[in-house]
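Trainee: Could you walk me through how to read a structure like the one below? I would like the general idea first and then the case in hand.

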Amino acid sequence: MLRLSMRREPVVPLEAECVRPDVLCPLSVAQIETLTVWHGNREEKLGEFFAVQGSGDSGEVHVEGVLSKVKWLGAQMSGGRLVIHGSAGMHVGAQMRGGSIEVYGDVGDWLGAEMRGGKIHVHGNAGHLVGSAYRGSRAGMRGGVILVEGSAGFEVGHGLRRGLIVIGGDVGDFCGVNVIAGTICVFGRVGWRVGAAMKRGSVVLVHSESGFQPLPTYRKDSLVELVWLRLLARQLCQWGFVPRALSSMTQGTPTEQETGEPILSASWGEQRYWRYCGDFAELGKGEILVRAS
Amino acid sequence: MSANDGFRVVENATCTFCGCVCDDMILKVQGDRIVEAKNACVLGKAWFLNHQIESRPVALIEGQPASLDEAVERAAQILVNARYPVVYGLSDTTCEAQRIAVAIADWIGGCVDTTTSVCHGPSGMAFQGVGEVTCSLGEVKNRADLVIFWGCNPAESHPRHMTRYSTMPRGLFVPRGRKDRTVVLVDVRRTKTAPAADIFLQIKPRRDFEALWALRALVKGVEVDPRIEEDTGVSLRQWRDLAERMKSCKFGVLFFGMGLSMTRGKHLNVEAALALARDLNQFTKFYIKPMRGHGNVTGADNVVAWQTGYPFGVNLARGYPRFNPGEYTTADLLARGEADAALIIASDPLANFSQPAREHLLRIPYIALDPKETPTTRHATVAFTTAVYGINVAGTVYRMDDVPIRLRPALPSPYPSDEEVLRRLERRIRQLLGIGTNLHPNPPRNSHVERAFS
């Protein structure tokens with residue numbers, strides 16, 4: 001296992017896209033320390049900011065320190081496991097193709113933007129534009145899984161084309177805007193204009209009081225019970241995903257420590273949901289599933 | 001220019017106060033004052049008649065008067081030593097000065113951003129997402145029979161827009177002027193533009209997106225939930241009527257202001273409006289234009305776009321441009337405490353940015369260029385007093401419909417122009433970076449930086 005411990009905090013944003021397991025693991029510690037990072041407009045060595053220990057034989061890289069000004073961690077990675085201890089900056093896992101990223105802290109904007117494969121699990125909050133398209137791109141995330149246990153900002157899954165985004169807390173406005181296909185699941189409250197301009201795809205609102213206000217171009221369709229929601233719920237349990245909103249909803253019930261069972265039961269997948277279809281200003285083949293109270 | 005009774009008359013001068021950039025001013029100049037501004041609106045009159053030469057030092061370093069050379073030297077040192085500098089402002093100066101400012105940002109490896117990012121930046125993002133069905137104001141004057149103002153108040157912010165371009169003038173295909181046009185205003189309150197409109201739709205605040213989205217659906221013939229009345233405060237019948245008018249007009253145009261681009265939804269509000277205009281072209285000719293505020297903010301977009309490929313919020317740290325609004329826009333990168341130096345040209349962020357952004361700006365060294373004393377120049381490490389564009393300085397500006405217009409200055413100024421200060425600053429920066437004055441078109445920038453600091 002490779003361990004990168006921050007030894008010098010960057011003064012201005014540090015762009016460290018070389019910090020990805022598939023690049024670091026085949027290299028020796030000395031080689032890793034000479035890799036280039038961009039500290040503002042200057043090229044510097046990775047070793048000036050991080051102390052590197054261990055070996056990459058296991059394909060696992062751990063990064064720790066005050067990382068909020070460090071951008072592009074795990075960007076474009078195609079394999080291995082990256083574990084971030086602390087709150088990371090923007091573009092974590094952007095355009096990644098494979099492997100997994102685990103973040104024990106918060107992340108900045110553009111988490112997993114335009115990712116094509118792999119899995120990201122954030123135990124804290126995420127910024128805006130989770131799994132979204134960069135400005136000027138037609139499509140955002142094209143495959144893979146993003147799990148955020150806390151809240152996320154605006155435009156979650158902007159231009160999502162394939163893949164799964166799960167937000168355990170609240171989300172801001174325009175969740176699922178311009179979605180082409182794919183699935184977004186939100187456990188907390190939602191902002192305005194969910195699913196605006198959605199062509200296909202599904203947005204699932206698990207909270208029974210999510211604050212959902214349908215756009216005038218959506219139609220309430222039917223009350224449904226869906227098999228794939230049960231499968232999704234079970235899969236999230238297996239991944240050890242603990243949505244913050246659901247744990248606050250179940251206050252007063254026995255905790256994980258008391259029961260030895262995961263706090264998230266898969267029961268939310270067995271509930272009935274109102275299906276809204278739209279967006280009829282666009283193709284109109286999308287759906288928003290809102291938990292029936 | 002002609003002399004008459006001790007007065008000097010400057011004909012066809014250009015007013016650079018707002019985005020209309022009216023170029024039919026007749027200015028009467030006496031001594032160092034403009035005493036009459038014929039054809040000017042109330043804002044233009046205030047712009048020209050209140051102009052006076054202030055007795056301020058040409059430059060200040062940390063509040064103390066300094067020579068131009070000393071100030072240029074200090075400013076160049078600050079910018080060359082910075083790791084994450086930002087060049088910001090640019091909307092109230094000439095295209096010639098803007099061009100040099102972008103070059104400076106390129107040499108120092110900084111971000112270049114204009115005041116567009118705090119007004120119609122969302123519109124720029126929406127243009128990229130949807131595209132813009134565009135026309136010139138001349139086409140509007142000669143052809144438009146349906147004019148919609150959305151989230152803007154031209155009667156007060158662009159007083160001559162309606163009389164010169166959009167609603168009143170007689171045109172080739174609208175020979176009776178106002179009588180041949182239908183004017184619609186959509187806004188959250190009854191502004192002074194409302195009496196000039198045939199139809200006024202007062203919508204609920206922050207509900208522009210829902211309204212535009214419903215219009216899009218109605219234009220396409222999709223049924224809309226009657227709940228739209230509750231959402232927007234305007235009945236479905238009225239929206240249906242507007243949609244029909246939009247589809248049946250011969251030449252429609254929608255002008256939108258910051259009521260759309262800077263309220264909840266921002267760029268997605270504008271995307272909705274742009275998509276509506278695009279959809280309407282299946283039925284008729286329909287266009288959409290933003291109502292740009294500052295005199296040459298449109299020029300700033302154009303200059304930054306033709307130099308870097310993007311209109312605002314561009315990072316040049318790696319020697320090539322990267323565009324990401326939210327990451328490289330000044331208000332955001334100051335609020336996050338990222339920039340370590342700034343060059344602010346003809347704008348006043350200390351008067352209108354958020355508290356965290358202002359606090360960070362006060363912590364870092366920055367250079368300000370402005371004809372007037374402002375909160376930003378008062379706290380600047382280096383402040384230059386410059387001449388006023390359009391009154392003292394010639395150059396090129398862009399009207400809000402992207403038409404370039406040449407300026408005819410009325411008065412000389414004891415102060416240098418923005419262009420002159422920036423040119424000197426750029427020359428000194430190049431010297432410090434070891435880049436010759438005979439420019440290589442694309443020198444490997446980073447190696448020069450290393451040489452300067454080795």
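Mentor: Gladly; we will go from ground rules to helices, core, domains, chain contacts and backbone details. This is a predicted model, in which local features need pLDDT of at least 70 and side-chain atom pairs count only at pLDDT 80 or more, while totals for chains, interfaces and linings use all residues. Residues are numbered from 1 along each chain as its sequence is written, and chains are lettered from A and ligands numbered from 1 in the order in which they are written.

Trainee: Let's begin with a helix. Which residues of α3(A) are buried?

Mentor: Two terms come into this. A residue is buried if 20 or more other C-beta atoms lie within 10 Å of its own, exposed if 12 or fewer, and partly exposed in between, with C-beta atoms placed from the backbone. Helices (H or I, at least four residues) and strands (E, at least two) are DSSP runs, numbered from the N terminus. In α3(A), the buried residues are A:L229, A:L232, A:A233 and A:L236. Seen down the helix axis, they fall within an arc of 100°, so they line one face of α3(A); the arc is that of the directions from the helix axis to the C-beta atoms. On the other side, A:V227, A:W228, A:L231 and A:Q238 are exposed.

Trainee: What do the buried residues of α3(A) pack against?

Mentor: Their partners are the strands β12 (162-167), β13 (183-186) and β14 (202-205) of chain A. Packing here rests on contact: two residues are in contact if their C-beta atoms, placed from the backbone, lie within 7 Å.

Trainee: How do I check the length of α3(A)?

Mentor: The expected span of a helix is 1.5 Å times one less than its number of residues. For the twelve residues of α3(A), residues 227-238, that should be 16 Å, and the end C-alpha atoms are 17 Å apart, which agrees. Just after the helix, A:G240 takes a positive phi of about 70°.

Trainee: Why is α7(B) described as largely enclosed?

Mentor: Six of the eight residues of α7(B), residues 159-166, are buried, so the rest of the structure largely encloses this helix. Those six are B:P159, B:R160, B:H161, B:M162, B:Y165 and B:S166. They pack against several elements of chain B, among them α1 (42-49), α5 (137-143) and β12 (251-256).

Trainee: And how should I read a nonpolar core?

Mentor: In soluble globular proteins, nonpolar side chains tend to be buried together. A nonpolar core is a set of buried Ala, Val, Leu, Ile, Met, Phe, Trp, Tyr and Cys residues joined through C-beta atoms within 7 Å. The largest one here has 243 residues, and B:I104 and B:A273 have the most contacts inside it. Leaving out residues up to four places away in sequence, B:I104 touches B:V87, B:L343, B:L422, B:L425, B:E426 and B:I429.

Trainee: How is chain B divided into domains?

Mentor: Domain bounds come from an automatic or database domain assignment. For chain B, the assignment gives domain 1 (2-49), domain 2 (59-117 + 296-453) and domain 3 (121-290). The C-alpha centres of domain 1 and domain 2 of chain B lie 28 Å apart. Their contact takes 15 residues from domain 1 and 14 residues from domain 2. On the domain 1 side, β2(B) gives the largest share, three residues.

Trainee: What about the two chains: how many residues of each are in contact?

Mentor: Chain B brings 32 residues and chain A brings 23. On the chain B side, α8(B) gives the most, with six residues. By class, that side has 14 nonpolar, seven polar and eleven charged residues. In this count, Ala, Val, Leu, Ile, Met, Phe, Trp, Tyr, Cys and Pro are nonpolar, Asp, Glu, Lys and Arg are charged, and the others, Gly among them, are polar.

Trainee: Where is the cis peptide bond?

Mentor: It joins A:G278 and A:D279, with omega about 0°. A:D279 lies in the loop between β16 (273-278) and β17 (286-291) of chain A.
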